[in-house]
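Here is a short briefing on one structure. Keep the sequence and the 3D view open as you read.

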Amino acid sequence: MSSGGARLNVFPTRQNLQVMKFKLVGAKKGHSLLKKKADALTMRLRALLRDILDAKDDMGKAFRDGNFALAEVKYAAGDIKQSIIESVGAAHKLVESRVDNIAGVKVPVFAAVDKEEVGENFTGLSRGGQQINKARGVFSKAVDVLVQLATLQTSFTILDEAIKVTSRRVNALDTVVIPRIANTVAYIKSELDELEREEFFRLKRSQDKKKKDIAEKEAARGAESAEAQPPSSLLDKPLDSDVIY
């Protein structure tokens, strides 16, 4: 007899029962691990969300300070665009990346690194050298904030996608795989129980028939032995109806 839900198409044997039990244990263990992974990723995602909000606030402050510093430079030194372009030969700030592991999910981490070479120093110039260096430092901090925000945003996107995939797997195990294997185990158990009951009934019928045959043979043997046994005395002989005593 099959159970009420969907099940796997297997033949009901004890070997398949053991296989299905092992699969059921593995599915439940996988469901538990994936559920813990989804919870850990969700907690990390919420922490990242707070960090992103803080980083966006810092970015707004950094660009506000940078705009003020740039306005001071333009007020003190005028248009310095051509001078800055001519003074820059190589990048003074590099972005390095590494891979971090968060509950089995690999996310990139970016970091802004300042090179040892220092650009042309405008301090002491008659037209706003101090303001130019100040603006350089402010925008350098703004770049650091941007790199940090890029790391957080990238991690947030990757973790969000990983949580969706993990949640789908958890739901699939919870609603499809585990019930189907459990129904298969119940089906095999019910079929084996039915076979055992039929076998028990068959053996009982066979034993009853054997007992009945043995009893009939013993009764027939007793009757035959009673007929073949001679009388022990004259009194045991049957009386002759013609003889009158």
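**A helix residue and a strand pair**

His31 sits in helix H1, which spans residues 14–77. This is a predicted model.

- His31 is buried, because its relative accessible area is 19% and the cut-off for buried is under 20%.
- Setting aside neighbours within four places in sequence, His31 contacts Val170, Leu173, Asp174 and Ile178.

- Strand S1 covers residues 93–102, and strand S2 covers residues 105–114.
- The two strands run antiparallel and are joined by 10 bridges.
- Val95 lies opposite Ala112 in S2.
- Two residues lie between the strands of this hairpin.
- Ala103 has a positive phi near 50° in this hairpin.

**Val109 in strand S2**

- Val109 belongs to strand S2.
- Is Val109 buried or exposed? Val109 is buried, because its relative accessible area is 17%, and buried means under 20%.
- Residues up to four places away in sequence are left out of the next list. Val109 then touches Glu96, Ser97, Arg98, Asp100 and Thr151.
- Val109 and Thr154 are 45 residues apart in sequence. Their C-alpha atoms are 8.5 Å apart in space.
- In a regular strand, side chains alternate between the two faces of the sheet.

Conventions. Residues are numbered from 1 along each chain as its sequence is written. This is a predicted model: local features need pLDDT of at least 70, side-chain atom pairs count only at pLDDT 80 or more; totals for chains, interfaces and linings use all residues. Side-chain values use heavy atoms; hydrogens and water are left out. Two strands pair if DSSP finds at least two bridges between them. Helices (H or I, at least four residues) and strands (E, at least two) are DSSP runs, numbered from the N terminus. Buried means under 20% relative accessible area, exposed over 50%, partly exposed in between (1.4 Å probe, protein chains only). Contact means heavy atoms within 4.5 Å.
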